[in-house]
Amino acid sequence: MNYKWGNSSKARLEQCDPRLQLICNELLKKCGFDLTITCGYRGKEEQEKMFKEGKSKAHFGQSKHNTMPSKAVDIVPYPVNWDLKDYRWGKMVALAYEIARKNNINIRSGAFFTGLADWPHIELM
(Lines give C-alpha, C1' and ligand atoms only; values in the text may rest on other atoms or scores of the structure.)
Protein backbone atom coordinates (compact mmCIF):
# COMPACT_ATOMS: atom_id res chain seq x y z
CA MET A 1 0.00 0.00 0.00
CA ASN A 2 1.18 3.53 -0.77
CA TYR A 3 0.81 5.65 2.38
CA LYS A 4 0.87 9.47 2.27
CA TRP A 5 1.17 12.12 4.94
CA GLY A 6 -2.01 13.92 5.94
CA ASN A 7 -1.97 17.72 5.82
CA SER A 8 -1.26 18.11 9.57
CA SER A 9 1.56 15.56 9.50
CA LYS A 10 3.05 17.17 6.40
CA ALA A 11 3.00 20.62 8.04
CA ARG A 12 4.64 19.31 11.23
CA LEU A 13 7.28 17.39 9.27
CA GLU A 14 8.17 20.51 7.27
CA GLN A 15 9.19 22.13 10.59
CA CYS A 16 11.87 19.45 11.05
CA ASP A 17 15.50 19.22 10.02
CA PRO A 18 15.85 17.74 6.50
CA ARG A 19 17.56 14.65 7.95
CA LEU A 20 14.50 13.89 10.09
CA GLN A 21 12.30 14.49 7.06
CA LEU A 22 14.33 11.91 5.12
CA ILE A 23 14.01 9.35 7.92
CA CYS A 24 10.27 9.91 8.34
CA ASN A 25 9.56 9.80 4.61
CA GLU A 26 11.50 6.53 4.28
CA LEU A 27 9.66 5.13 7.33
CA LEU A 28 6.33 5.89 5.69
CA LYS A 29 7.42 4.02 2.55
CA LYS A 30 8.92 1.01 4.33
CA CYS A 31 6.93 0.38 7.54
CA GLY A 32 4.00 -1.38 5.93
CA PHE A 33 1.51 0.65 7.99
CA ASP A 34 0.39 4.26 8.20
CA LEU A 35 2.12 6.86 10.39
CA THR A 36 1.28 10.30 11.71
CA ILE A 37 3.53 13.13 12.89
CA THR A 38 2.27 14.49 16.20
CA CYS A 39 5.01 17.09 16.79
CA GLY A 40 7.83 18.85 14.98
CA TYR A 41 8.67 22.29 16.36
CA ARG A 42 7.34 23.07 19.83
CA GLY A 43 7.11 26.67 21.02
CA LYS A 44 7.54 27.95 24.57
CA GLU A 45 3.89 27.76 25.63
CA GLU A 46 3.41 24.22 24.33
CA GLN A 47 6.76 23.02 25.76
CA GLU A 48 5.96 24.37 29.22
CA LYS A 49 2.50 22.79 29.05
CA MET A 50 4.07 19.41 28.19
CA PHE A 51 6.48 19.84 31.12
CA LYS A 52 3.70 20.70 33.59
CA GLU A 53 1.66 17.68 32.42
CA GLY A 54 4.66 15.37 32.94
CA LYS A 55 4.84 14.56 29.23
CA SER A 56 8.32 16.09 28.95
CA LYS A 57 11.23 16.43 31.34
CA ALA A 58 12.45 19.52 29.51
CA HIS A 59 11.63 23.20 29.89
CA PHE A 60 11.58 25.39 26.79
CA GLY A 61 15.05 25.62 25.29
CA GLN A 62 16.09 22.24 26.70
CA SER A 63 14.22 20.12 24.13
CA LYS A 64 15.37 19.44 20.60
CA HIS A 65 11.78 20.24 19.58
CA ASN A 66 12.49 23.89 20.48
CA THR A 67 14.76 24.71 17.54
CA MET A 68 13.72 25.75 14.05
CA PRO A 69 14.09 23.59 12.15
CA SER A 70 13.28 21.08 14.86
CA LYS A 71 15.99 18.56 15.74
CA ALA A 72 13.29 16.18 17.03
CA VAL A 73 10.09 14.67 15.70
CA ASP A 74 7.29 12.70 17.33
CA ILE A 75 5.91 10.04 15.03
CA VAL A 76 3.33 7.35 15.82
CA PRO A 77 1.77 4.40 14.05
CA TYR A 78 -1.71 5.22 12.76
CA PRO A 79 -4.36 4.48 13.80
CA VAL A 80 -2.84 5.30 17.18
CA ASN A 81 -2.71 2.50 19.73
CA TRP A 82 -0.75 3.48 22.84
CA ASP A 83 -0.37 -0.17 23.88
CA LEU A 84 3.37 -0.65 23.48
CA LYS A 85 2.81 -4.38 22.94
CA ASP A 86 1.57 -3.37 19.48
CA TYR A 87 4.34 -4.67 17.19
CA ARG A 88 4.26 -1.47 15.12
CA TRP A 89 6.12 0.53 17.80
CA GLY A 90 9.16 -1.74 17.85
CA LYS A 91 9.17 -2.11 14.08
CA MET A 92 9.00 1.67 13.59
CA VAL A 93 11.88 2.40 16.00
CA ALA A 94 14.10 -0.38 14.61
CA LEU A 95 13.47 0.75 11.04
CA ALA A 96 14.19 4.40 11.96
CA TYR A 97 17.63 3.34 13.25
CA GLU A 98 18.25 1.27 10.11
CA ILE A 99 17.33 4.17 7.80
CA ALA A 100 19.44 6.59 9.85
CA ARG A 101 22.45 4.27 9.78
CA LYS A 102 22.22 3.79 6.01
CA ASN A 103 22.18 7.58 5.59
CA ASN A 104 24.96 8.31 8.13
CA ILE A 105 22.56 10.13 10.45
CA ASN A 106 23.06 9.76 14.19
CA ILE A 107 19.71 9.54 16.04
CA ARG A 108 18.35 8.57 19.42
CA SER A 109 14.88 7.20 20.07
CA GLY A 110 12.94 8.31 23.12
CA ALA A 111 12.01 4.65 23.56
CA PHE A 112 15.36 4.33 25.35
CA PHE A 113 15.06 7.39 27.61
CA THR A 114 15.60 6.63 31.30
CA GLY A 115 12.63 7.34 33.55
CA LEU A 116 10.23 8.47 30.82
CA ALA A 117 10.17 6.24 27.75
CA ASP A 118 8.96 8.42 24.88
CA TRP A 119 8.34 5.97 22.02
CA PRO A 120 7.16 8.55 19.45
CA HIS A 121 10.28 10.73 19.90
CA ILE A 122 13.23 10.60 17.48
CA GLU A 123 15.99 13.17 17.76
CA LEU A 124 19.22 14.03 16.01
CA MET A 125 22.42 13.54 17.99
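**Briefing: side-chain contacts and burial in a predicted model**

At 13% relative accessibility, Asp86 counts as buried. This is a predicted model. Asp86 is placed in the loop between strand E2 (72-78) and H4, and its side chain makes a polar contact of 3.5 Å with that of Asn81. The structure holds 3 aromatic pairs, 10 salt bridges and 0 disulfides.

**Cysteines**

- The number of disulfides in the structure is 0. Cys16 takes part in none, and the nearest cysteine sulfur, that of Cys24, is 6.5 Å away.
- A disulfide requires two cysteine sulfur atoms within 2.5 Å. The sulfur of Cys39 is too far for a bond, because the closest cysteine sulfur, in Cys16, is 7.8 Å from it.
- Cys16 is buried, at 2% relative accessibility. Cys39 is also buried, with a relative accessible area of 5%.

- A pair of aromatic rings is described by the distance of the centres and the angle of the planes.
- Phe33 and Tyr87 form an edge-to-face pair, with 6.1 Å from centre to centre and 85° between the planes.
- Phe33 lies in the loop between helix H2 (18-30) and strand E1 (34-39), while Tyr87 lies in helix H4 (residues 87-102), so their pairing ties together parts that are 54 residues apart in sequence.
- Phe33 is buried, with a relative accessible area of 5%, whereas Tyr87 is exposed, with a relative accessible area of 56%.
- The ring of Phe33 has a second contact: the charged end of Arg88 sits over the ring, 5.9 Å from its centre.

**Helix H3**

- Buried residues in helix H3 (residues 44-52) are Gln47, Glu48 and Met50. These residues are on the same side of H3, because they cover an arc of only 155° around the axis.
- An α-helix has 3.6 residues a turn, so residues three or four places apart point the same way.
- Glu45 and Lys52 are exposed residues on the face of H3 turned away from its buried side.
- Gly54 follows H3 and has a positive phi, near 75°.

**Salt bridges**

- The count comes to 10 salt bridges, among them Asp17 with Arg19, Glu53 with Lys55 and Glu98 with Lys102.
- In the bridge between the side chains of Asp17 and Arg19, the N to O distance is 2.9 Å. Asp17 is buried, with a relative accessible area of 6%, and Arg19 is partly exposed, at 39% relative accessibility.
- Between Lys55 and Glu53, the closest N and O atoms are 3.2 Å apart. Glu53 is partly exposed, with a relative accessible area of 40%.
- The side chains of Glu98 and Lys102 meet at 3.3 Å, N to O. Glu98 counts as partly exposed at 36% relative accessibility, and Lys102 is exposed, with a relative accessible area of 53%.
- Both Glu98 and Lys102 lie in helix H4, where they are 4 residues apart, about one turn of the helix.

Definitions and conventions: Residues are numbered from 1 along each chain as its sequence is written. This is a predicted model: local features need pLDDT of at least 70, side-chain atom pairs count only at pLDDT 80 or more; totals for chains, interfaces and linings use all residues. Side-chain values use heavy atoms; hydrogens and water are left out. Buried means under 20% relative accessible area, exposed over 50%, partly exposed in between (1.4 Å probe, protein chains only). Rings of Phe, Tyr and Trp (its six-membered ring) pair if their centres lie within 6.5 Å; planes under 30 degrees apart count as stacked, over 60 as edge-to-face and the rest as tilted. Helices (H or I, at least four residues) and strands (E, at least two) are DSSP runs, numbered from the N terminus. A charge sits over a ring if NZ of Lys or CZ of Arg is within 6 Å of the ring centre and within 35 degrees of the ring normal. The arc is that of the directions from the helix axis to the C-beta atoms. A polar contact is a pair of N or O atoms within 3.5 Å; within protein, one must be able to donate a hydrogen and the other to accept it, and residues adjacent in sequence count only if both atoms are side-chain atoms. A salt bridge is a side-chain nitrogen of Lys or Arg within 4 Å of a carboxyl oxygen of Asp or Glu.
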